[in-house]
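Please have the sequence and the coordinates open while reading.

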Amino acid sequence: MRRPRNMRPNIVSEAGLPTRLNQWWESIPFLTSAIVVVCGVIYFLCLLVGYDSFIEICFLPSAVVSRFQVYRIYTSIIFHGSLLHVLFNMMALVPLGSELERIMGSVRLLYVTILLATSNAIFHVLIALLVAHNPFVTNDYLMNECAIGFSGVLFSMIVIETSLSGVQSRSVFGLFNVPAKWYAFFLLVVFQLLMQNVSLLGHLSGIVSGFAYTFGLFNILIPGSSFYSSIESSSWLSSCVRRPKFIVCTGGNPSGYIPTHTSQNSTSGGLLSGNIWGNLQSLMPRREVSAQPQSAEDSRFPGRGRTLGAPQGQIASGLHSDSNLQARLLEDSSPNHLSDSAILSTAQRSAEGRHLVDNVATTGAGVPPHQGAVASEEEIKKLVAMGFDRTQVEVALAAADGDLNVAVEILMSQQG
């Protein structure tokens, strides 16, 4: 079918490449984009000044153990050896970091990243020491291996994200599917076979650290929500918090733990088992509100309410929506769905809540409370005499707010 000449094409297709790149960049949360910028700037600065003495800043187990150069734990993750190295790592970080940051919040993800980088280094040193000083076969190669790049933390994030996703299998570059719990190990083998100068121990330490995190071994090191809230409310971070890309973590899991295998919302099954959706909900940045009926009108402000001094028309619109809801409940009632008694109790509770709102509104405005909403026994007998069931008549009258004509329309539409 030909498109009419006066119809404009999709506005997205009209956007130029700079516009699309800007939209893509603006969709990346604050911390993830900051890591991309820091790693990219450091690489290009090293390229401009000709700095290539990575032996001074890489993670070298022998230097960390003998000279206690712990700064290497953190300098090694922000330096990269080549353009492809930094490009591939940052391309992998954007989807992983963005998803985890939206779940955890910017400050919490920063803390978790530092925790993962530290634990990766500890596992790296322990394995290197075990290989170099064991009673069977000793080898000092791992102690003198110089590792740089953000990929160790990325492997930890892969394990955490896979655990939170709850999927049973993952695709390896679209070629074949593997069980989700072995996904990181398959990536480890693929990268080791396809690329040169890849730190096997650095990536393996990241995987071990990721599994230790998901099994809750780091829970004792994870502070409560008040810790992140105090950081977000500090004056020195106020300029960052005000940015639209910054994601606050206030109102997260009350225990302060990010969803792990031993979290209160998971079970004691396998790594990918448990209430994954419950874990995700416990982490989502949200505001703490009182228990009120929630509406989907505005996700930022849960619950339906009004400001003090709001006009009566706003309350009337809310009551009208409640009446429509009861009418839909009545139409959907059938033996396969809800019993008449359940519908009746629901309608009675809604009517009582509606009468309470009426009384509060009319009392504040100096008007006598509404008295005509209660259905009389005569009206019920009239509708029963017309051939309608008494229970349905009572429900219809409650939904119609005592209006006999509206109740008849509801009953007729139900029978139709």
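Is Cys58 buried or exposed? Cys58 is buried, at 0% relative accessibility, where buried means under 20% relative accessible area, exposed over 50% and partly exposed in between (1.4 Å probe, protein chains only). The model is predicted: local features need pLDDT of at least 70, side-chain atom pairs count only at pLDDT 80 or more, and totals for chains, interfaces and linings use all residues. Residues are numbered from 1 along each chain as its sequence is written, and side-chain values use heavy atoms, with hydrogens and water left out.

**Disulfide**

A search of the whole structure finds one disulfide, a term that stands for a pair of cysteine sulfur atoms within 2.5 Å. Cys58 is joined to Cys146, with an S to S distance of 1.7 Å. Cys58 lies in the loop between α3 (30-49) and α4 (61-66) and Cys146 in the loop between α7 (106-132) and α8 (151-165), so the bond ties together parts that are 88 residues apart in sequence. Helices here are DSSP runs (H or I, at least four residues), numbered from the N terminus, and strands are runs of E of at least two. The torsion about the S-S bond is about -130°, so the disulfide is left-handed.

| Residue | Relative accessible area | Class |
|---|---|---|
| Cys58 | 0% | buried |
| Cys146 | 35% | partly exposed |
| Cys39 | 1% | buried |
| His80 | 2% | buried |

**His80**

His80 sits in the loop between α5 (72-78) and α6 (83-104). Its side chain makes a polar contact with the side chain of Asn89 at 3.2 Å. A polar contact is a pair of N or O atoms within 3.5 Å; within protein, one must be able to donate a hydrogen and the other to accept it, and residues adjacent in sequence count only if both atoms are side-chain atoms. The His80 side chain also reaches the backbone nitrogen of Phe150 at 3.4 Å. Beyond neighbours within four places in sequence, His80 is in contact (heavy atoms within 4.5 Å) with residues including Cys39, Tyr43, Met90 and Phe150.

**Nonpolar cores**

A nonpolar core is a set of buried Ala, Val, Leu, Ile, Met, Phe, Trp, Tyr and Cys residues joined through side-chain atoms within 4.5 Å. The largest has 49 residues, of which Met90, Leu93, Leu100, Phe150, Met157, Ile207 and Tyr213 touch the most other members. Elements giving two or more residues to this core are α3, α6, α7, α8, α9 (183-194), α10 (200-214) and α11 (225-232). A second, separate core of eleven residues includes Leu383, Val393, Ala400 and Ala407.

**Helix α10**

Which elements do the buried residues of α10 pack against? They pack against α6, α7, α8 and α9. Twelve of the 15 residues of α10 are buried, among them Ile207 and Tyr213. Leaving aside neighbours within four places in sequence, Ile207 is in contact with Phe155, Val159, Ala184, Phe185 and Leu188. From first C-alpha to last, α10 reaches 21 Å, close to the 21 Å expected at 1.5 Å a residue; the expected span is 1.5 Å times one less than the number of residues. Gly216, with a positive phi near 80°, follows α10.
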